[in-house]
Amino acid sequence: MATDNKSKQKTKSNNKNRQRYRPNNKSVKKGGYPLRPGVQGFYITCDGGRERQASQEAVNVIDSFYEELVQGTNSNLGQVELSEKPVNKKTVFKYSDSSSSDDDGGENGNDEDQTKEETSKIEQHQEKIDDEIDSLKTGESGPENKDNTSTDELIQENTENKEELENTLEQKDIEVGEPPAKKQCVEKEAAEVGHIAFGKTEEKSIDRLIDAELAELGDKSKRRFSYLDSGCNGVVFVHMSKKDGDPNPKEIVQHMLSSLALTKKHVSRFILRVLPVEVTCYASEEEIGKAIMPLITKYLPAESDTPKRFAVLYESRANTGINKMKIIDAVAKSVPSPHKVDLSNPEINIVVQIVKTVCLLGVVEKYKELSKYNLRQLTSKN
């Protein structure tokens, strides 16, 4: 009796300790994993315990290469070309200073020298005339029989020289143009005056656009890439909501790995291997045989002039009830006769990845040449 009471007390204390560490003192409900048949995306492996970090990193990396592929601008390849063939190009802006540029220093410097020489000559001539006028007024120099007419002529010449100096300076200002600061101020003032009437409506429209974009980002169903929990240690699945005209996962992965193979740029910290997944189904021999047919007709058609060598890339996780050889034989028999099996040097690898009760199917090319689609090995500089 004493032992029974002690065991009951221990179980009660253990239950209290478990409830103490539960979130909000509520029992945790185990639900189904989001990875299910009927989705497509990317099968990613990572270090154990780093699934969440790897999934967030994978979404950002795949999204960046997707945008690069859609826009048609390969920044990584462009960097390689620039490093191999550097081009020294000088850009001259509209309002650049003549003193700072060496090429334009000759033309602008000559103009400035000419204006300085002209102004210095006019100033010297004007000083001489002023001295003569002062001497005539005081009577210190010059003959006594000079009339007032000579003084009037000198004053008139002085005024004409001043007008010529002002005209030359005005012409130079017109040629050079207004400084950029003044033009910017004028443009800002005009823009402010033009937008006063429509300021409120534009602010409202911008706010609405921002709210719509935030709502779209918050809604997981509208995201292009989102990570799903696979339920296995060291495995992440990134789901792709493909629209009409978008590249498929195979094209995105092929573009990503080919560019990284050239640049050797480290883009990930937690991701190990990335494989494209175009079809998912339940992990059974019959379902896999049916689901693999669209991929075979697309990449290994029966009516093809150039037969290809292929191999089956099989891997299973958290599932011991499936026979490996039966799945490989079913996939190999579904390929038509012109194509042949070549395990040593295949041109195309058919991906068959089984994660619990879900089978992931896809096709990859140059599997061995691209370090078996392992980003760490591909970008490591050996």
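Predicted model: local features only at pLDDT ≥ 70, side-chain atom pairs only at ≥ 80, totals over all residues.
Trainee: How many residues does helix α2 have, and what distance should they span?

Mentor: Helix α2 covers residues 51–71, which is 21 residues. Just after α2, Gly72 adopts a positive phi of about 80 degrees.

Trainee: Which residues of α2 are buried?

Mentor: Among them are Ala54, Val61, Ile62, Phe65, Tyr66 and Glu68.

Trainee: At what angle do α2 and helix α8 cross?

Mentor: The axes of α2 and α8 (residues 249–263) cross at roughly 95 degrees and come within 9 Å. Angles of 65 to 115 degrees count as roughly perpendicular, and α2 and α8 are therefore roughly perpendicular to each other. From α2, the contact includes Val61, Ile62 and Phe65; from α8, it includes Ile252, His255 and Met256. The contact residues comprise eight nonpolar, two polar and two charged.

Trainee: In what order do the strands of the open sheet lie?

Mentor: As a general idea, strands of a sheet pair through backbone hydrogen bonds, either parallel or antiparallel. Here five strands form the open sheet in the order β5-β9-β8-β6-β7, with mixed pairing. Strands β5 (279–282) and β7 (340–341) are at the edges with a single partner strand each, so one side of each has no neighbour in the sheet.

Trainee: How many bridges join β6 to β7?

Mentor: Two bridges join β7 to β6 (residues 309–317), and these strands run parallel. Arg309 has Lys340 in β7 as its bridge partner. Helix α11 (residues 324–333) packs on the sheet, touching β6 and β8 (348–355), and its direction makes about 150 degrees with that of β6.

How values were computed: Residues numbered from 1 in each chain as written. Heavy atoms only, no water. Helix = DSSP H or I, 4+ residues; strand = E, 2+ residues; numbered from the N terminus. Expected span 1.5 Å × (residues − 1). Buried < 20%, exposed > 50% of the residue type's maximum accessible area, 1.4 Å probe, protein only. Pairing = 2+ DSSP bridges. Contact = heavy atoms within 4.5 Å. Axes fitted to C-alpha atoms, helices over the stretch in contact; angles between N-to-C directions. Parallel < 35°, antiparallel > 145°, perpendicular 65-115°, else oblique. Nonpolar A, V, L, I, M, F, W, Y, C, P; charged D, E, K, R; others polar.
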